[in-house]
Structures are given as C-alpha cells and as structure tokens.
Amino acid sequence: MPSVLLPGDPDRVSKAASVLDQVTEIGRRREFQMARGTWNSTPITVCSTGIGGPSTEIAVVELANLGMKRGIRVGGMGAIDPSMPLGSFLIVDTALRNTGTARIYDPSNEPISASQVVVEALEAAAKALKLPFRRGAIFTTDSYYWGQERLTRPLANLQELPTAGLMQRLTQAGAIGMDMECEALFAVGRAMSVQVGAVLAVHGNRATDQWLEDYEETQRNLIRLAATAVAILDAN
C-alpha cells in the first residue's frame, strides 16, 4: 500500500469506493475503515483516521509499518477566509500548530510543512481536473468548540470565550481554515519517513456563515483530485 488516502470519517471510505475502480473492502475496527482500489490503473488504499491527532497518529504509524510511503489527507474544513468559496479546495502546504500529539514527534513551535512533491502533485491534479483551489496554511487544533472559537451552549456570548478573536488572529497569521488532523499527519508521517500532504474541501465558510447543503459531488471531486495526484507522483 504505497499510497494511502486518509479521510477522517469512516463513511467517506465508502464514498471513495464509489469513485475508484476494482475496490476491495479490507475491514473496519472502531474509527478505522480501509479499502483498496485503483485510479487509472494506479493502486490506491483508503483508510479513515477518525477525529483528531491521537487517532491520526495510530493510523499513520500502523499504515507506515504496513508499507505506506505516501499519505494524503482528504477531508473537509471550515474556511475562515471570506474569499474561499464553498466547494473549492485548499491544498495545504503548512499547518499552524495547536495540538499535543504532533509535538511528541516535532516539539518545535514552528509551522510544519507538507512534503513539497505532494503539494506540487496536488496542484497539478487540481489544474488538470479544472477544480477551484488555493494553496495555503491550515490551523490544526485538538478542540472542536472553544479551540475553534465555537460556542458550547446556545445563546452564550461569543466575546466571553477565552479564544475570542481567534479567527481574526489566524487570518492575520495567514491561515485559510481550521482542521483537527493535518498537523499530526505531517509530524508523525515525517518522523516515519512518509511523504505527506492534504487537500481539504470547503464545506463551510465561517467568515461568511455559508454552508454546503449537498457536498456529495465535492467529496467525489476531493477523491478524484487526490487520486490523480497519486497517479502523477507514481508516473514520475
């Protein structure tokens, strides 16, 4: 399994199977579901990571020990840049850091980068498929609520959060959106000598309060984009 696509949600493995050819389901245990197939004759494995750094670490370490040479996260994100349209894609070149698991593998405070060859292949794939995309930074956090400037109770005062103003600060720092897995993938993958990258679909834009009502085709395009990038990498 040299190339593995890594969605967070196990149910998205089935969606990937609807895009790939010659799909064989391998199995499921807890949040980890796995299948293998082909894209234009290129072998591709798909394995879900679950939510957040700890489960992503488990997936990446186990897959690397099984022979993964390249791991590409295929997930969704909430954009914080108002110019990022719904249904478009962020090709992540850098993860701004706010998680615990990744620091065990890379204790620095510096942003951690995706593998350049993977980033370039994802860009080439997006252009070949004529899909809307940008390249940029994601902010990865362990927290879904306060850590992303979200309320935990209805009608609470957003300004009372300890993270009030987070989205504005992150936008000024260059982040285009937020996720919960990229930093762990990049740190653990690099420690395991795996090429790493990520492409994220914009399911919502929190700056404009817009949300995709139907993202089935966006999810399929996400898999097509990443699979085409794998084929480009394998051809070089």
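**Entry 1: the largest pocket.** I looked up which strands line the largest pocket, and strand S5 (70–79), strand S9 (175–179) and strand S10 (195–205) each supply at least two residues of the lining. Strands here are DSSP runs of E, at least two residues, and helices are runs of H or I, at least four, numbered from the N terminus. The model is predicted, so to keep in mind: local features need pLDDT of at least 70, side-chain atom pairs count only at pLDDT 80 or more, and totals for chains, interfaces and linings use all residues. Residues are numbered from 1 along each chain as its sequence is written, and side-chain values use heavy atoms, with hydrogens and water left out.

S5 gives the largest share of that lining, 4 residues. I then noted the space in the largest pocket, about 560 Å³. Of the 23 residues lining the largest pocket, Arg12, Arg73, Gly76, Met77 and Tyr144 are the closest to its centre. A pocket is an open set of points on a 1 Å grid over the protein atoms alone, where a 1.4 Å probe fits, with protein on both sides within 12 Å along at least five of seven lines; lining residues have an atom within 4 Å of a point. The volume is the space filled by probe spheres set on the points, which are joined across faces, edges and corners.

**Entry 2: the second largest pocket.** Here I found about 200 Å³ of space. Of its 13 lining residues, Arg29, Phe32, Met34, Cys47 and Glu62 are the closest to the centre. Strand S2 (21–29), strand S3 (32–39) and helix H2 (53–65) each supply at least two residues of the lining of the second largest pocket.
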